Every structure is written in C-alpha cells, then in structure tokens.
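Biologist: Please show me the model. I want to go through the core and then the ligand site.

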Amino acid sequence: MPKDTLTITDNRTGKTYEVPIRYGTYPTYGAAINTADLRQIKASDDDFGLMGYDPAFGNTASCRSTITHIDGERGILRYRGYPIEQLAESSTYLETAYLILYGELPTRQQLEEWTWEITHHTMIHESIKKFLDGFHHDAHPMGMLVGTVGALSTFYPDAKDIKDKDVRRKQVVRLIAKMPTLAAFAYRHSLGRPYAYPDNDLSYTGNFLNMLLKTTELKYTPNAVLERALDVLFILHADHEQNCSTNAMRSIGSSHPDPYSALAGAAAALYGPLHGGANEAVLRMLGEIGSKANVPAYVERVKKGEVLLMGFGHRVYKNYDPRAKIIKRIAEEVFEVTGTNPLLEIAIELERIALQDEYFIKRRLYPNVDFYSGIIYQAMGFPVEMFPVLFAIPRTSGWLAQWEEMLDDGDQRISRPRQIYEGADVRNYVAMALRERGKAA
Ligand code: CMC
C-alpha cells in the first residue's frame, strides 16, 4: 500500500525511521521531507542528530510559497498561476505587481486605486537629494541605489511596525513608487544633470523615462514603443521565486527590520555579476569579444574554464529561459525605433555556437534573462552601469511580496542555518612567547 512517507535505515545502528513527505500543489511541483525530522536519527545518545548538508541551497526548500512557480526542466514561469507569456502580452507592470503582491488580478477599481497610490508616492524627501549629492560623480548608480533605499528607513520610522498590515502596505506603495525616482536621480547625478521630478500624468515606465531623460522641454512625451518595451521587461523581472536576492530579502527580513533595510540588502545581493549584475557583465563581454569572427576563440576560452559565458546558465532552468524568448522578440520592436545594436550580431553568433557545442549541451546551459536584456537597454540609451538598477526597480514588487509572505508564515523564524564544523577540536591558548619559541625551533 503506497504511503506518503520515506523510510530511512541508518546503517550505523540498523535502526529504521519513517518520515512524512510534504507535497507542493501537485506532486510534480515538488515534494520534500522536513530536514528537522532527520534530527531523531542518531548514532549514539549524545549525537546531535542528522542534518542536511546543502551548500548554496541546491536542493533545499527554504519556504512554502504561492507566488511564483518555475519548472526549470520545461522552461515554465508563472506568477500566481498565470503564464509569464500571457502577462507579458496583456498585462502592465503595475497590474502584475498587484497580482504578485495580493494574489489575484485587480478589478478595474482596484487597479485604478493602486495606480493612483503608486503615482502619488513617487516624490522623495528633498534631503535624499542632498544625500545623493554626496556621492562621487562617477559612483556606480547601483551603489547609490543600495545606499539611498537603505537611507529611506530613517525617513519613515513608522516602517518598523512590520506587524501592522496597513503600515506594511504603506511601505510597499512607497517602495514601488520611489525606486524609479531614486534610480533616475542616481543616473542624473552621474551625468551632472539637474534632477527631473516625477510627472503624475505619465505611466509608471513613462514617468521613469521622463525622470531619466527630460531636458528643457516643458512636458516630456515618452516614445510609446520604448515605454511599453520597458514595461514588459519590468513584468519579466518582477519575481523569480527563491533567487539569491529574494533569499537575502527573506533572510534579512526574518530578523524583523523595516523593509527599506531588508530591501537594501536584497538590492546589494542583486548587484553581483552572477545575479542581476550579469546583464552588465554580458555587455562588457560582448564588447571584449568585439566581432563575430572572434566568437569561436572566446567559446574555447569558456570551455577551458578561463571565463564564464555571461548570460548563460541558470540554477533552475535547464532549458531555454522563457523570459529570454520574450526579450528576443521585444528586441526586434525596440530596434525598429532605435536602430539595431551592433552587439546583437555577436550575441546571436555566441548563442548559435554555444547551443550546438557539447560543453554547453552536456551542462544544459542556455541563454538566461540577462543575455539579451542588456542589448535592448543599451539600444534604448542606458549606460551599462544602469542595467542592474533596471533589474532592481521591478524586482522590488517580488521582494516585497516574498517578504510579506515570510512574515505571515507561521513556519518561519529568524533565518539561521546550521553548519558542519570541521575545524580544530578544543585546545589551550598558547602564550606569545611560547609561540615565538616554537617558531624558532
Ligand atoms: N559559462 C560557462 N560554464 C558555465 C556557466 C557559464 N555561464 N554556467 C555554468 N557553467 C558550468 C560550470 O562551470 C559547471 O561546470 P562543471 O560541471 O564542469 O564544473 C556547470 O556548468 C554547472 O554550473 P554551476 O556553477 O554548478 O551552476 P550554478 O547553478 O551554481 O550557477 C549561475 C548558476 C547562473 C550562477 C551560473 O550559470 C553562472 O555563473 N552564469 C553566468 C552568470 C549569469 O548569467 N547570471 C545570471 C543568472 S539569471 C538572472 C539572475 O539570476 O539574476
């Protein structure tokens, strides 16, 4: 008779244990044992008990979640059950952010209220501008974003009251509304341009483009194709379940600081070249390759382990990243407005060669979201330093949804992994004179 349990025999002692198996929505959505159930397995009475050893969480679920589902084998990504392709086709970033945060697509009235709220919280305190002015002219905008979003916690001391759902919602609105303003101001600071204030008549991405690009015109009018392309890119980046930065958001949030402090940590995790900094790294890599003719030699260097093929590979996707497919299509629409990016030719050739090479086939390495996004951002006129910032803005909704889910989950406590200690056993302190003598001997 089949049972939803696992029977384990400890060959050290000959004892047998039975532990329950917990399933996701369907068995194919993941099954797990609770590794705390392994603690009863002991070789002797004073044994600590068996733990799971899983550096980098390769096969450990750190939470239960209802937000995002990824099937890496089949190349599937869904937010709250809705396929990413349908959201990219029919939704907007703000509607998707609402879906991610509150679990359902909004009614017309809910969407109008939500949009109004976000639109009317885009201003930042004037003191933040002074804070930005303190950065060096060539400061990386991601560093500025990490610093200023963390600093927002000092402007909203009420945010510490994380148990109050109304207070939480207010910070969610503030963060989603203010991230584009912080990002745009950081960008203008690096150019030495005066800051452009939010325009409440424009859409979320239209206003972002306004704050980035407005010069002397009385009213900035965004290009509709670029505005929509950016909105779709924001939808694609809104959440991605337990990635490195989301894990940082949950882990920091588990000690109950305000969400600005937790989000600064998540943004810092995103900054690295193996995560959200990869799109910047892809552009630098394509620039270094220089021409289509140099692609085979570069691929050889990758295979020798000298360099990574940036924008390729993923912990979860062992198939084409569904976001990369959509991005490839958007690239064509953007290039019709901006003209093509010469680096596209190199990227396509890299993809072509890599996808038929044994090294990449064996390791199941496919283009990920970052492979083509940077090429679009560059064609739209963004400098490479802005790429991780363009990732952080939309990911804010995902970080916040995951943070709230963690706070409301009775299973969660302060995040605190175990370790397997492999260092020295207890030993007595040796006085300096004796250590010196030992050296001389
Ligand atoms: N180029 C060359 N080899 C690679 C690459 C790559 N981009 N990615 C993985 N490999 C190899 C790796 O060397 C290893 O080979 P071997 O088995 O011979 O040691 C094998 O493939 C498995 O890789 P892994 O390092 O165990 O995979 P991981 O799940 O730990 O790392 C990753 C995932 C995304 C960090 C990695 O694929 C990588 O560094 N990619 C390049 C950076 C990148 O594009 N990051 C963006 C990820 S998507 C968006 C985001 O999360 O922000």
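**Core and ligand shell**

Modeller: The largest nonpolar core holds 118 residues, and W114, F208, M285 and F382 have the most contacts inside it. Such a core is a set of buried Ala, Val, Leu, Ile, Met, Phe, Trp, Tyr and Cys residues joined through side-chain atoms within 4.5 Å; buried means under 20% relative accessible area (1.4 Å probe, protein chains only). This is a predicted model: local features need pLDDT of at least 70, side-chain atom pairs count only at pLDDT 80 or more, and totals for chains, interfaces and linings use all residues. Residues are numbered from 1 along each chain as its sequence is written, and side-chain values use heavy atoms, without hydrogens and water.

Biologist: Which residues is F208 in contact with, leaving aside neighbours within four places in sequence?

Modeller: Contact means heavy atoms within 4.5 Å. F208 meets P180, A183, A184, L230 and F234. The list also includes M386, L390 and I393.

Biologist: Which side chain has an N or O atom 2.7 Å from an oxygen atom of the ligand?

Modeller: A polar contact here is a pair of N or O atoms within 3.5 Å. A ligand nitrogen lies 2.7 Å from a polar backbone atom of L309, and a ligand nitrogen is 3.0 Å from a side-chain N or O of Y359. For the ligand oxygen, the side chain is that of R315.

Biologist: How do the residues of the shell around the ligand divide?

Modeller: The shell has 20 residues, and H275, L309, G311, F312 and R315 come nearest. Near means a heavy atom within 4 Å. By class, they are 11 nonpolar, six polar and three charged.

Note on methods: Polar contact = N/O pair within 3.5 Å; in protein donor to acceptor, adjacent residues only side chain to side chain. Nonpolar A, V, L, I, M, F, W, Y, C, P; charged D, E, K, R; others polar. Buried < 20%, exposed > 50% of the residue type's maximum accessible area, 1.4 Å probe, protein only.
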